[in-house]
Amino acid sequence: MNVLFSKIIKNKLALLGGIILFILLLLIITTPFLNLSDPNAINTSDRFSLPFTSNYLLGADHLGRDILSRVMWGTRLSLAVGFSAALIAAILGSFIGIIAGYFGGFFDNILMRSVDVLMAFPYVLLALAIVAVMGPGLFNSLIAVAIVNIPFFARNVRGISLAYAKSDFMIAAKISGRSTFSCIIFELLPNLIPTIIVAFSTTIGWMILETAGLSFLGLGSQPPQADLGSMLGEGRASLIVHSHNSLIPGLMILFIVMGFNLFGDGIRDALDPKLSQGKLGRSKALTDLKKNFVFSERCSKSFLEVNDLTTKFIRNNYEIEAIKKVNLSLQKGECLAIVGESGSGKSVTALSITRLVASPPGIITEGFINYKGTDLLNINLQTMQDIRGKKISYIFQDPQSTLHPLQKVGSQISEIVINHKIINKVKLNKEVLELLRNVKIKDPERVVNLYPHQLSGGMRQRIGIAMAIANKPDIIIADEPTTALDVTVQAKILSIINDLKRELNLSIIFISHDLNVVSKISDNIAVMFNGEIVEFGKTKKILNNPNNQYTKKLIKSSPKLSLVKKKYNA
């Protein structure tokens, strides 16, 4: 709870919404205890009194009733009705969504088609139709608003329930002997509560606005009972001459809806661990550099040289060093392997080279990255975009997540080519087929028209390699390209990379945690531990005569086929 509160506090907009709601809460709690006049007391001699005159702090309406008293009591009523409508919609909609998503089949079809019928009508018109059938009144308008918002909750909850119902933890719960009711209550519902709370908090303001709208049209609260919507409706007749009659309840509606919306956004961000510290933002196209970053003027004879590269992540005003003073060098046609345990900084190093570390929270605080005489930290976005994919390309670890699921393989490879050069369609198609042949795909004419989900993991990785070599780059950064593959498929992928390295004279940065893998392909090895390079040298020397204790432990922990054979034969 303390963590949730702190995340909301750090979101300035959510904090503003929370302050507004807190003030409103104090007002509605203290209203019965304040010395306010009767909100329904008529005094025609004081009609249309201006604010701060004749003992009326906010003026009087067309019947001489105290606007302050009516706004205070009307706010209580509007909040109660809107909150109740949202609660009913959340309960019924969530129930429908859970049943449809968990059981599927017949229940899903019946319930969701019923929801679709409700969604076929515009919300406001459907609410008006329901009130017209049931008759004007505050309770009827509450029911109408709740009914028209049930589909919103049902659709949201049903989609998530459908995914969770087939997940491994649900299957494990069923195998353990849990009943259907127990699975829903103790396994499914706890995972849905954040979604329901977020949906509730972000829609309650809209429901208050809807109930106010019905009252404005005379279908909600009836005279002499007042809520904010009916006050707004009564004041419209004198809007030009006595605008305060409409302006004051209108401003109260504005503050209520704005408060709930801002606070609801804060709750959404705080409950969603994927969002960064309750802040909504988009990563920049280039990793940020530290203010007053000092660019190096040194020269380098290496094809690619990295000196003193330091990248940090800023969380809660704390700087966390991901990599520290990394030094690497790569020559043309060489393969440099970066090895180390998970979290040692391998991927951050690779992404920092082309400034692809997400900012925020990433920031490069120090370093020099020379590529063919150019400092990659001292170029603009346009120049970097010309380098990415054309001069330096990537092979990512999981092709399932990096390939676009809704685009065919051929179009995705084509996109890489046309981003960097002008080419006609016929020649482009030939290039795409040739790229697929280069990565040992035997039937490229068929594969080019398939979607990623129609291919195996090894085939998808070959597509990733084809995309990486599409523009004949100088350097390929392969970020654990074989980790998610079977051993036999790993061998094929390594063979393809090795063949392409020789044929195209590629320079490769190969990231892995498996020394057995890198020993077959690398010329040099850089061993990373805790964000630092602890050993760097020729592959043969590192594997046969390591100097660092961590390197020795890595080698010792790598399985050796000879030992496995001896144990098996025994």
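## Helix H11

Helix H11 is mostly covered in this predicted model. Six of its eight residues are buried. They are Lys346, Val348, Thr349, Ala350, Ser352 and Ile353.

H11 spans residues 346-353. The helix lies across strands S4, S7, S8, S9 and S10. Its direction is about 150° to that of S9. Arg355 follows H11 and has a positive phi, near 55°.

## The open sheet

Six strands make up an open sheet. Their order is S7-S8-S9-S4-S10-S11, with mixed pairing. Strand S7 (392-395) and strand S11 (532-538) stand at the edges. Each has a single partner strand, so one side of each lacks a neighbour in the sheet. From one strand to the next, the twist averages 15°.

How do S7 and S8 pair, and over how many bridges? The two run in the parallel sense, and four bridges join them.

## Two nonpolar cores

The largest nonpolar core has 48 residues. Those with the most contacts inside this core are Ile413, Val439, Ile463, Ile465, Phe510 and Ile525. Helix H17 (residues 457-468) gives the most to the core, with six residues.

Val439 touches Arg462, Ile465, Ala466, Ile469, Ile496 and Leu500, leaving aside residues up to four places away in sequence. Another core, of 46 residues, lies apart from the largest one. Its members include Ala90, Ile96, Leu138 and Phe260.

Technical notes
Residues numbered from 1 in each chain as written. Predicted model: local features only at pLDDT ≥ 70, side-chain atom pairs only at ≥ 80, totals over all residues. Heavy atoms only, no water. Pairing = 2+ DSSP bridges. Axes fitted to C-alpha atoms, helices over the stretch in contact; angles between N-to-C directions. Contact = heavy atoms within 4.5 Å. Buried < 20%, exposed > 50% of the residue type's maximum accessible area, 1.4 Å probe, protein only. Core = buried A, V, L, I, M, F, W, Y, C linked by side-chain atoms within 4.5 Å.
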